[in-house]
Amino acid sequence: MNIIKGFLLIYFFILFIINDCVSQSLNTPERERNAIKYFYNYVDIITDFKLNNMLKMTQTFVEQLLDAIPYDDRGNTAELLQQYIDKAENLRYHGVSIEEKENMLLELQQLIATIRSGLAKQEAEDIILKKSMLGMFELLARLSIEERRHSEKLSKASSLLRRRFTSEGIQRHEQLFDLLHELEQAQDIVNKEALFKHLKELRAQEM
């Protein structure tokens, strides 16, 4: 699945560059709309690619937590871990929407909060998880790297799109280009998520 998405990612990006070279500017509203539609499709691909990688990372982390608990010591917490693993596996391989994958990553936050709230207990599985949870720092670092790669791809695509538009075209789609500029400048992950949500809303209005 990830290999196929990787080839699609390269394919669409090459097409984007070729189109940029062939036509340096778009001089009709129809061509502008087509370019924006193509851009949004590219954003979908790189976002889905990012989320699949993130889901794989989180699934591996949760599997490691579960594996650390001896079978005879597994209780309610282990059951929650297994449920997350099964659901993440299903989402990664069955072509669900970007929104569902984003929600799955949010579920991990809720799962971790639930586990932490139970670490004060003296159940065998919870005592074991206290040590295993240290791996969360490594996971967060890897997720941050994946997010940065996505931002870099988005920034490159935004620059290509802007270069193809005339100054009049940029004015016609001022809201989009202003939003893309804000996304490029944003450093805080919470702010980026809010801006990305705004981009989705703008897309729904334009398309």
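Where is the place of Ile-127? Ile-127 sits in helix 5, residues 124-132. Helices here are DSSP runs of H or I with at least four residues, strands are E runs of at least two, and both are numbered from the N terminus.

A word on the model before we go on. This is a predicted model, where local features need pLDDT of at least 70 and side-chain atom pairs count only at pLDDT 80 or more, while totals for chains, interfaces and linings use all residues. Residues are numbered from 1 along each chain as its sequence is written, and side-chain values use heavy atoms, with hydrogens and water left out.

Now the overall layout. The protein chain has nine helices and zero strands. It has 207 residues, and 41% of them count as buried. Buried means under 20% relative accessible area, exposed means over 50%, and partly exposed lies in between, with a 1.4 Å probe and protein chains only. Take contacts, meaning heavy atoms within 4.5 Å. Among those between residues at least 6 apart in sequence, 72% join residues at least 24 apart.

Back to Ile-127. Is this residue buried or partly exposed? Ile-127 counts as partly exposed, because its relative accessibility is 39%. Its C-alpha atom lies 9.5 Å from that of Ile-69, 58 residues away along the chain.

Next, helix 6. This helix has 29 residues and reaches 43 Å from its first C-alpha to its last. That is close to the 42 Å expected at 1.5 Å a residue; the expected span is 1.5 Å times one less than the number of residues. Its buried residues include Leu-139, Glu-146, His-150 and Leu-154. Ser-151 is also in helix 6. Ser-151 is partly exposed, because its relative accessible area is 21%.

Now the cores. A nonpolar core is a set of buried Ala, Val, Leu, Ile, Met, Phe, Trp, Tyr and Cys residues joined through side-chain atoms within 4.5 Å. The largest one has 28 residues. Those with the most contacts inside it include Phe-61, Val-62 and Leu-139. Helix 2, helix 3, helix 4 and helix 6 each give two or more residues to this core. Helix 2 supplies the largest share, eight residues.

Which residues does Val-62 touch, leaving out those up to four places away in sequence? They are Leu-81, Tyr-84, Ile-85, Leu-108 and Leu-111. A second, separate core has 21 residues, among them Ile-36, Leu-154, Ala-157 and Leu-195.
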